[in-house]
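The sequence and structure are shown below.

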Amino acid sequence: MVVIERPIYTQNDFDQGFDAGQRPKHTALSWMKGKVKKCECSAACVRKTVSHHLPFLSIMKEYNIKKDFLPDIIAGLTVGIMHIPQGMAYGLLSTLQPVYGLYVSFFPVILYFFLGTSKHISLGTFAVISLMVGSAVDKGLKDNNIVLKTWNQTVDNGGGNITFEIVDNSDEVETAKLMLAMSVTFIAGVIQILLGIFRLGFLTVYLSDPLISGFTTGAACHVFTSQIKHIFGIHTNRHSGVFKLIYTYIDIFTNLPHTKPVTLIASIVCMFILVIIKEYINANPKIKPKLFMPIPVELIVVVLGTIISYFAQLQEKYSVQNVGDIPIGLPVPNLNAFNYISDVIADSIAVAIVSFAISVSMSKIFAKKHNYAIDSNQELLAYGSCNIVSSFFSAFVSAASLSRSLIQEDVGGRTQVTGLVSSTLLLIVLLVVGPYFKTLPNCVLAAIILVALKGMFKQFADLIALWKISLFDFATWLVTFCATVFLDVDLGLLVGVVFALLTVIMKSQRPYSCLLGQVPGTDIYRDISVYKVAKEIPNIKIFRFDSAIFFANSEFFKNSLYKLTVDPYQLKKMQRKLDKRKKNEKQLLNLTIDSIGSADIPIPDSDRTDTLTSPPVIQNSEAKPPQFVSQVPTLTDIHYIIIDCSTMSYVDSMGVKVLQQVISEFRAFNITVYLAQCKSSVREMFVKTNFYKTESKNYLFVTIHDAVVSAQLHQWAVTGESLANTGISNTAGSSHEIDLDITIGEATSRAENVNDFNKSNGVRGIPQQDITSNPVIENTHI
C-alpha cells in the first residue's frame, strides 16, 4: 500500500509552495532580437540559406544515379506523354488556344525543379485552375466591352472590280484574352510570393477538406458544362457571373437541334475508348502489374483523331471544328501581364489561394507517404516564382494535377528530375511536332476533359461519409458545392470559406457543457451523462464548459451554468414570494395582537439563519484561510458550485466579467463558487483584470478533488453535519489534510487501459479521451 499525504491545495498555496513563475512573454521586440541573434555572416549561414531556398541542392546531394535515374526517366516520359493531350485540352478550357496549355506544361515545371520541396507532384495544367482563369478572362472581356464582331468589307481589286468579304476582330479578341490571362497569372504569382515572404502558408488550414472537396466538385460541373458545346458541335454564348451555369444550359438546349452528327459520333467513340482502356486495363489489378507503364490512351486518341481528321477532311466536309495553327518554337518574352492588372485583382486572389491549397495538399500527401518534409512557405515562393516568370512567356497559372502526380509516383518517379524529362519531351513537341496537331478536332480534347472529371465527380460519395461523421462538415461541403454551381467559381469559394468560419464560430459560441460526478473510490471526476458509475456529490455541482470563455460565448456560458446548476433569477423570484408571504404573515399577526390586546405572544424571527461559530481553519502552507460563508442557502439544496476550468485555454476581459457576475449572483444566495484547474493564461488574465480584488485567491484550486474536499470541510463547519455524512474522517485535528491511501498491485497485471476502464465503469456514448492507462486507484481515504 502506498500512502500519499498532502494538504488541500488552493492555487495560491500551490504557487507559493512550489515557486511558480510566469510564462515566457513573446513580444515583437523579443522576436526581432531572436532573429537578429540567428543572423550570422558566415559561410555556413549562407549555405544554409541558399540550400533552404533552392531545395534541389539538398535533394540532388542524396540522388543515387543507379537507383533513381532510370525510374525518373520512365516516369518523366510517361508524365510528358500525359502533358501533351492534357495541356492542349486545358488550354482550350481556359478560353485560350491549346498551345498555351503546352506552355503551362513546360515553363513552370522547369522552375519548380529548382524551387519546389515536393519530389512527386506534377505541376502544369489543372482543370479547376484553367476554368478559373477562363472565368476571369470572360469577366475581363465583358468589363472592357470586348466582343467578337464581324462585318462586310469592300475590297477594290482594280479595274473597277469590287468585291465584298466578311472580316472580324478575332485577332484582337484573342490578344485581349491572352493579356487578361497573363495578368491573372502575374498577380496570382505576386500574391503567392508575398504570402511566402510573410510566412503565411498556414492560411490554407482555413480551407478544410470538405470545403475543397465541395468546391472542386462544383467547379467540375462548370468544366463539364463548358465542354458540352464541343461534344455536340454547337455554338453557345459565354456567360459569366451569378447563375451563368443556368444560362449556359438554356443556350445548350436551345441549340441542340443544330448538333453536328459527325462531331457527336467522334466524341462518343473517343470517350468509349478512353473509359475502356483507363478503367478495364490501366486500373485493372490483374493487368496493371504486368504493364511496363500505363497505356497512354489520351495521346493515342489525340494522334488517331489528328490522323483521321486530316485524311477524312472532317472540317471541310462535316464542319468539325479543329484546333488550328500551332506556332513552332517558344514564345518571345512579352509584357502582356501588365495590361489588365487592375481588372483581375479579385479573381487573381481566388486563383492564387486555390492553386496553392490544391498543390500543397497533394504535396503533403506524397511527403507523408514517402517520409520527407514539405515547407509550405517555400512552396508558396516556388509557385509564385513559377507563375510570375511564366506570365512573361504566355503561360497561365499552373497547379499540381492529381492524376499526373499519381501516375508519376505509381510508375516509380523518385524526384523532380521527372519534371526535367517531361519538359524535354514538351520542348520537342513545341519545336517540331506542334504543327502536326493542326487538324486535331476540339471534340477529342473535350472528350479527354470529360473522362478526366470522373475522379472529381466521385467526390459526391464524400457526402455519405460526412453525414455520418459531422453535420457541420456535411453542411460545409453542400453549401460550398451549391454556391460554386449556382453563383460562380470565385463566389463559391468565398461563400464556402465564410460558411466554414461560421461553423467554427458556432461551435465556439455554443460548446458542450456538462456536470461531473465522482468515480467511487477515486479522485477522478467524469461526465455523468457518459459514465453511469460517476455519482454527484450531495450539495455540490461540478460544472465543465468545453471551451474558452470570450465575448462571443460568455452569455451562453452563463446560461448553461444556470441551466445545469441553479438559476439565481429563479431564486430571486422565490425569495420575493417568500418575502411577500412573510410580510403578509407578519401583518396578520399584528392584526391579531391588536384585536386581542397586549398579550405576550412570542414573535418568531423568520429571518434568522442557523450559524455556527468560527469554522475550522485549513492550514495549507502559509496561505491565508479561505473566507468561508457562515450561512447556508435556504432556497436550494445546492451549496457549492465548482467550475472545472481545465478546458479553458483562455478567458478574455468579457469572460472575466461574466465569471465575476455569476460568482456575485450565487454569493447573494450563500452559494459558494470554486474554480478548479485554471491554466496559467487564465490566472494571468485574472491578475490583469483585477479579478482578485473582488474574489479571493483561496477559491481557486489545483484540482477538482481539492475543491470538493474543501467544500465538504466548509459544509461541515457551517452546518455541523457529521463527518461520516460528508465522507471525511477527522484524523488531523484542526489541521485537516487529505490522506490518499492508494493500493497498487502488480503494474503488469493490474494496469487497465482506457477501454477496460470505460467498460468496467459502464461508459455510455463516446469514451472520454483524457482517461489515462495508469493503474487503478482502488481506495481513497480522506
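## Helix packing and a buried glutamine

In this predicted model, helices α8 and α9 cross in a right-handed sense. On the α8 side the contact is formed by Val133, Ala136, Val137, Gly140 and Leu141, and on the α9 side by Ala176, Lys177, Leu180, Ala181 and Val184. By class, these residues comprise 8 nonpolar, 1 polar and 1 charged.

A second pair, α10 and α22, also has a right-handed crossing. From α10 the contact includes Pro210, Leu211, Phe215 and His222, while α22 contributes, among others, Asp473, Trp477, Phe481 and Val485. The contact of α10 with α22 holds 8 nonpolar, 8 polar and 1 charged residues.

The packing geometry of the two pairs is set out in the table.

| Helix pair | Residues | Angle | Axis separation |
|---|---|---|---|
| α8 and α9 | 127-143 and 170-197 | about 125 degrees | 9 Å |
| α10 and α22 | 209-232 and 471-486 | about 25 degrees | 8 Å |

With an angle of about 125 degrees, α8 is oblique to α9. Because angles under 35 degrees count as roughly parallel, α10 and α22 are roughly parallel to each other.

Glutamine 378 belongs to helix α16, which spans residues 376-391. Is this glutamine 378 buried or exposed? Glutamine 378 has a relative accessible area of 2% and is therefore buried. A polar atom of its side chain lies 3.0 Å from the backbone oxygen of leucine 115. Apart from neighbours within four places in sequence, glutamine 378 is in contact with His52, His53, Pro55, Leu115 and Thr117.

Definitions and conventions
Residues are numbered from 1 along each chain as its sequence is written. This is a predicted model: local features need pLDDT of at least 70, side-chain atom pairs count only at pLDDT 80 or more; totals for chains, interfaces and linings use all residues. Side-chain values use heavy atoms; hydrogens and water are left out. Axes are lines fitted to C-alpha atoms, for helices over the stretch in contact, and angles run from 0 to 180 degrees between N-to-C directions. Helices (H or I, at least four residues) and strands (E, at least two) are DSSP runs, numbered from the N terminus. Angles under 35 degrees count as roughly parallel, over 145 as roughly antiparallel, 65 to 115 as roughly perpendicular and the rest as oblique. A crossing is left-handed if the near helix is turned anticlockwise from the far one by less than a right angle, and right-handed if clockwise. Contact means heavy atoms within 4.5 Å. Ala, Val, Leu, Ile, Met, Phe, Trp, Tyr, Cys and Pro count as nonpolar, Asp, Glu, Lys and Arg as charged, and the others, Gly among them, as polar. Buried means under 20% relative accessible area, exposed over 50%, partly exposed in between (1.4 Å probe, protein chains only). A polar contact is a pair of N or O atoms within 3.5 Å; within protein, one must be able to donate a hydrogen and the other to accept it, and residues adjacent in sequence count only if both atoms are side-chain atoms.
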